[in-house]
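Open the model in your viewer and keep the selection panel at hand.

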Amino acid sequence: MSIRSTVKSVLGEQNVRRVRRLKRRLSGQPARPVAQVKAAPKPTGLAAISGDLNKLAVHFKTDKWGAHRYTQHYQRHLQHLKDEQFNLLEIGIGGYNRPGQGGASLRMWKAFFPKASVFGMDIQDKSFVDEDRIRTFIGDQSDPSSLNAVADKIGELDVIIDDGSHRPPHVLTTFATLFPRLKDGGIYAVEDTQSSYWPEWLGSEDLDDPGTSMAMLKRLTDGLNYEEFVDEDYQPSYTDLNIVAVHFYHNLVIIEKGKNAEGSNKRKALKDRYAKPAESTS
Ligand SMILES: C[S@@+](CC[C@H](N)C(=O)[O-])C[C@H]1O[C@@H](n2cnc3c(N)ncnc32)[C@H](O)[C@@H]1O
């Protein structure tokens, strides 16, 4: 056995290395560089921005970020679905009747949700956008049978985004038809609600005009509190019973579907105050 290996076996490998380092330091020699742990290669291209909806919107050239400021809100409301397998339907694929144009937002959703199936519906044929995990349908959102036919083909609907004609009567028809078909726990979004105020888009300057998208969406907020209504005979509507949150942003509204039945904190005193007078028996 050599002297070196005898020393090693007596002191142990680690102590031998310590002695060597000490010797080097005392003799003024520079320390040997410690072996570096190789860092994982930084993701590049699409992978580098796949967690950031604003950046994906810019990359795919949808106006959901830039002209509008929607993706920051979608990021917050849809983040929980990031790695889930689910179905997303967007009404309005983009490009209108221009051949070969549109599909930007569908591609953005596909990149952000690696396991989702992304569906688009447009009044124009956008089948050139179809690819793995993206499927398009031709359909008119002002026609309930057209909306139902598309929903039938998709099956379960977890997320619905209305970015179609933005004409309030169409927005109302689409919501009335598709919201009941949205899964419990699902998300329904209405974009470009500014058209609600524009008569030339079939909106109205009257903020309370019941035919506008904003008036319909604002009504939903009262439904959140239907259990507090004084009228004991009030019959809650489908939306009263199945909406748990309505989020209003600039030109964007996001609705959370769920069972709205937390119970009332209506105090007995209040109940008595508004109680109907007992019917006279005489
Ligand atoms: C604003 S673009 C959609 C943009 C796309 N979602 C994006 O973010 O990249 C609106 C689309 O709605 C479509 N559209 C208009 N009226 C419609 C209707 N009644 N039913 C379905 N789609 C309609 C248009 O053809 C157009 O392509």
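A residue counts as buried if 20 or more other C-beta atoms lie within 10 Å of its own. By that rule, 30% of the 282 residues of the chain are buried. Note that you are looking at a predicted model.

**Whole chain.** Colour by secondary structure. The chain has eleven helices and seven strands. Take the contacts with a separation of 6 or more: residues 24 or more positions apart account for 57% of them.

**The sheet.** Select the strands. What is their order? Reading across, you get E3-E2-E1-E4-E5-E7-E6, an open sheet of seven strands with mixed pairing. Go to the edges, where strand E3 (134-138) and strand E6 (243-249) stand. Each has a single partner strand, so one side of each is left without a neighbour in the sheet. On average, neighbouring strands of this sheet are turned by 15 degrees against each other, direction ignored.

Zoom in on E6 and strand E7 (residues 252-257). The two pair in the antiparallel sense over six bridges. Pick Ile243: opposite stands Lys257 in E7. Next, show helix H9 (213-223). H9 packs on the sheet and touches E5, E6 and E7. The direction of H9 makes about 135 degrees with that of E6. Now look at the turn of the hairpin, which has two residues between E6 and E7. Asn251 takes a positive phi there, near 65 degrees.

**Helix H7.** Select 144-154, which is helix H7. Leu147, Val150 and Ala151 are buried in H7. The three cover an arc of only 100 degrees around the axis, which puts them on the same side of H7. Turn the view to the face away from that buried side. Exposed residues Ser145, Asp152 and Lys153 sit there. Back on the buried side, the cover includes E2, E3, E4 and H8. Step past the end of the helix. Just after H7 comes Gly155, with a positive phi of about 95 degrees.

**Helix H8.** Move on to residues 168-178. Which residues of H8 are buried? They are Pro168, His170, Val171, Thr174, Phe175 and Leu178. Around the axis they cover an arc of only 160 degrees, which puts them on the same side of H8. Show their partners: the buried residues of H8 pack against E1, H7, strand E4 (157-162), strand E5 (182-191) and H9.

**Helix H4.** Jump back to residues 53-60. Here Leu53, Leu56, Ala57 and Phe60 are buried. Look down the axis of H4: these buried residues fall within an arc of 105 degrees, so they line one face of the helix. Lys61 follows H4, and the phi of Lys61 is positive, near 65 degrees.

**The ligand.** How many residues are around it? There are 23, and Thr62, Gly92, Gly94, Ser105 and Ser165 come nearest. Colour the shell by residue class: six are nonpolar, twelve polar and five charged. Then highlight strand E1 (87-91), H6 and strand E2 (117-122). Each of these supplies at least two residues of the shell.

Methods
Residues are numbered from 1 along each chain as its sequence is written. This is a predicted model: local features need pLDDT of at least 70, side-chain atom pairs count only at pLDDT 80 or more; totals for chains, interfaces and linings use all residues. A residue is buried if 20 or more other C-beta atoms lie within 10 Å of its own, exposed if 12 or fewer, and partly exposed in between; C-beta atoms are placed from the backbone. Helices (H or I, at least four residues) and strands (E, at least two) are DSSP runs, numbered from the N terminus. The arc is that of the directions from the helix axis to the C-beta atoms. A residue is near a molecule or strand if its C-beta atom, placed from the backbone, lies within 6 Å of it. Ala, Val, Leu, Ile, Met, Phe, Trp, Tyr, Cys and Pro count as nonpolar, Asp, Glu, Lys and Arg as charged, and the others, Gly among them, as polar. Two residues are in contact if their C-beta atoms, placed from the backbone, lie within 7 Å. Two strands pair if DSSP finds at least two bridges between them. Axes are lines fitted to C-alpha atoms, for helices over the stretch in contact, and angles run from 0 to 180 degrees between N-to-C directions.
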